[in-house]
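Let's take a walk through this structure together, one stop at a time. Have the sequence and the 3D view ready, and follow along as we go.

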Amino acid sequence: MGARIGIGFVVVLALMVVLSAIGLRYVTEANQRLKDIAQINNVKTELATEMHSALRERALSMHTLPILADPFDKDAEIQRFNAQGTVYIRARDRLEHMPLSPEENEILSRILELTREAQPEVQAVVDMSTFIDDQTAIFDQIRSVAMPRQRAIAEQVSALLDLQRQQTATAVHNAETSYGRVRNLMLGLGTAALLIGILIAGFVSRRATHQARQLAAQAMYDPLTGLANRSLLHDRLEHEIERSKRAYTSFGVVLMDLDRFKEVNDTLGHEVGDKLLREVGRRFKEAVRAEDTVARLGGDEYVVLVHDLDREGIPAIANKLLAALDKPFHWQNQSIDLGASLGVSLYPSQCRDASELLRCADIAMYVAKRAGKGYAVYAPDQVHTNRHDLSLKSELRAAIQADQLCLYYQPQIDHHNQRVIGVEALVRWNHPQRGFLAPDQFIPLAEDAGLIGPLTHWVLRAALTQLVTLQRQGHVLTMAVNLSARNLHDMELPASISALLAEHGIAPQNLILEITESAVMANPSDGLAILTELDRMGVTLAIDDFGTGYSSLAYLKGLPVDELKIDKSFVKDMAENENDAVIVRSTIDLAHNLGLKVTAEGVETQDAWYILDMLGCDCSQGYFMGRPMPVEKLEAWLRESTWSNVPTVALSAP
């Protein structure tokens, strides 16, 4: 009997082992099928997304082409238009060669047919934009013919994306159903057999459930941070839209792009960058409520779906997310500071669907980044502002080439002999339509458009040419020119300046280059190398707006500079504000102890001049002595002003 029981036990055990092996094999095969489906669908979704993005970029190019006047900009826009067409065709071709369902084949066939129909109309718009100046006719052609056809293609691509998401969800559901059947089968067999059978069945069940969750997470969650990915975010946005329609509520989307993250990746490596991305995601999740969704779109872009958000609540949530990054990140005893630029869009007051919410938030985010603000709320005029900036950038390139720019000069007065010893060159733009533009209206655009190099070269050439003229008139002066932070990325700058000095026959010490503290700190390695080379050439270097930047005294000591310029914010009120006077006096003492010359900016009163004189300041500039003036007025000022020939008796105001 015992032998029979033993044999039966062995038989049952062997049967359970065989059944378990079969079950595990079935689960493994099901896992592989689901994994293949998920991977293929992810690729197909990515290709369809590329097609959709390319169509959107081509539509934007069609709208942009008619408003571009510069042939080079128009040619560049056409190239971008054609490049997006190549991206669209390449993505569609790759999609056509993948395993497709009948529904996908049907949609792709419609897309191909619509593309063939639309191509002549779209090309006609591009040709009209290239050869015809009638913007009304072009925009009419875009609105009535090209855009409806483009929209029809985009709708089919959106339908393809929806179908692929449905297929992914169906595959996950089918796999979970299969796993449930296997689990029930194994539990039943274990109950009918022996305890060991139950244990085996439980093991298989747990393994099947775990793998199902892993695959579901792979399809819906970002593998690096564990946050929702683009697909899950889109699903939750659609769900939130439906909920808001039923409950008549609003919600918001916050799109965030990290500032200075590229520097971390380039300096410390991608492994450290990945750790920072995970930590940023964790902090954002802690900063919002459990019902809100934090997602990572890719790279250093995050999105937060905020329930029940209206315009009044935006500052609180935006500041809370920004505050999450205030605490520095640490890696190997090194402190890393990161910031972010946020763009906010609202449903239903601003946007009507998920894609539009993300697009509007993205536009607002770039507005915040360009303005240097922490966050910005979407507004329709931001689109027009972007187009305005695009037009102005094109006009600035033409202005540099056509000499529409001009220089104003502000005198710099020496305190020891009370005579003018130099001038600072300040660029202005005499725009034919927009009138007289100050530097802060176009310098940031020049930096964004990559025009700061040509602009700086124009200013240097014009300033040195005028200095030669002044020297021939008998004036012994220095010429000060401001450099942008972007100039300190140009390793060819010293050679370019050396060539200009040689061309004009100017001694290097007669050229003063002014840079701000923050400009040096923004690129310390390249900036220090460039400044060192300029110093070796004999060019005079000055720290402009001193006291408003972020450099430490230890760092300042290592810079090859000759002069400090005290910012006018400290000078103008020092007669009434004791703190400002202390700062000015301390700065003068500090500079002299470091062997540096001191120039004060913003001297607007005789009292300010006398205080600076008593404090031992070397040089001053400001409205009290002379405002910035064009070259004609400068030459007259140099002939007539008392600062040009001060008597040895007490100073009289000019």
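A polar contact is a pair of N or O atoms within 3.5 Å; within protein, one of them must be able to donate a hydrogen and the other to accept it, and residues adjacent in sequence count only if both atoms are side-chain atoms. With that in hand, look at Q621 and Q410: their side chains make a polar contact of 3.1 Å.

Before that, a word on what you are looking at. This is a predicted model, in which local features need pLDDT of at least 70 and side-chain atom pairs count only at pLDDT 80 or more, while totals for chains, interfaces and linings use all residues. Residues are numbered from 1 along each chain as its sequence is written, and side-chain values use heavy atoms, with hydrogens and water left out.

Now for the overall view. The protein chain holds 21 helices and 16 strands; helices (H or I, at least four residues) and strands (E, at least two) are DSSP runs, numbered from the N terminus. Of its 654 residues, 46% count as buried. Here buried means under 20% relative accessible area, exposed means over 50%, and partly exposed is in between (1.4 Å probe, protein chains only). Among the contacts in the protein chain with a separation of 6 or more, 69% are between residues 24 or more positions apart; contact means heavy atoms within 4.5 Å.

Back to Q621. You will find Q621 in the loop between β16 (619–620) and α21 (631–640). Is Q621 buried or exposed? Its relative accessible area is 2%, so Q621 is buried. Leaving aside residues up to four places away in sequence, Q621 touches several others, including P411, K565, T599 and E424.

E424 is part of strand β9 (residues 419–431), and with a relative accessible area of 4%, E424 is buried. Which side chains does E424 reach through polar contacts? One is the side chain of Q621, at 2.8 Å, and another is the side chain of N482, at 2.9 Å. E424 also touches A480 and E514, among others. Although E424 and V481 are 57 residues apart in sequence, their C-alpha atoms are 6.2 Å apart in space.

From here, follow the chain to strand β11 (residues 478–482), which pairs with β12 in the parallel sense over four bridges; two strands pair if DSSP finds at least two bridges between them. Strand β12 (residues 511–516) is mostly covered, with five of its six residues buried.

Next comes helix α13 (residues 452–472). At 1.5 Å a residue, its 21 residues should span 30 Å, and the end C-alpha atoms are 30 Å apart, which agrees; the expected span is 1.5 Å times one less than the number of residues. Buried residues of α13 include W458, L464 and L467. Just after α13, G474 takes a positive phi of about 95°.

Now turn to an open sheet of five strands, with the order β2-β3-β1-β6-β7 and mixed pairing. At its edges stand β2 (293–298) and β7 (375–377), each with a single partner strand, so one side of each is left without a neighbour in the sheet. From one strand to the next, the twist averages 20°. Helix α10 (residues 354–371) packs on this sheet, touching β1 (251–259), β3, β6 (339–347) and β7, and its direction makes about 140° with that of β6. Axes are lines fitted to C-alpha atoms, for helices over the stretch in contact, and angles run from 0 to 180 degrees between N-to-C directions. As for β2 and β3 (residues 301–306), they run antiparallel and are joined by five bridges; V294 has V304 as its bridge partner in β3.

We finish with some backbone details. Most residues other than glycine have a negative phi, and most peptide bonds are trans. Y248, in the loop between α6 (230–247) and β1, has a positive phi of about 55° although it is not a glycine. Y248 is exposed, with a relative accessible area of 76%. D308, in the loop between β3 and α9 (314–323), also has a positive phi, near 50°, and at 49% relative accessibility D308 counts as partly exposed. Finally, Y347 and P348 are joined by a cis peptide bond, with omega about 5°, and P348 lies in the loop between β6 and α10.
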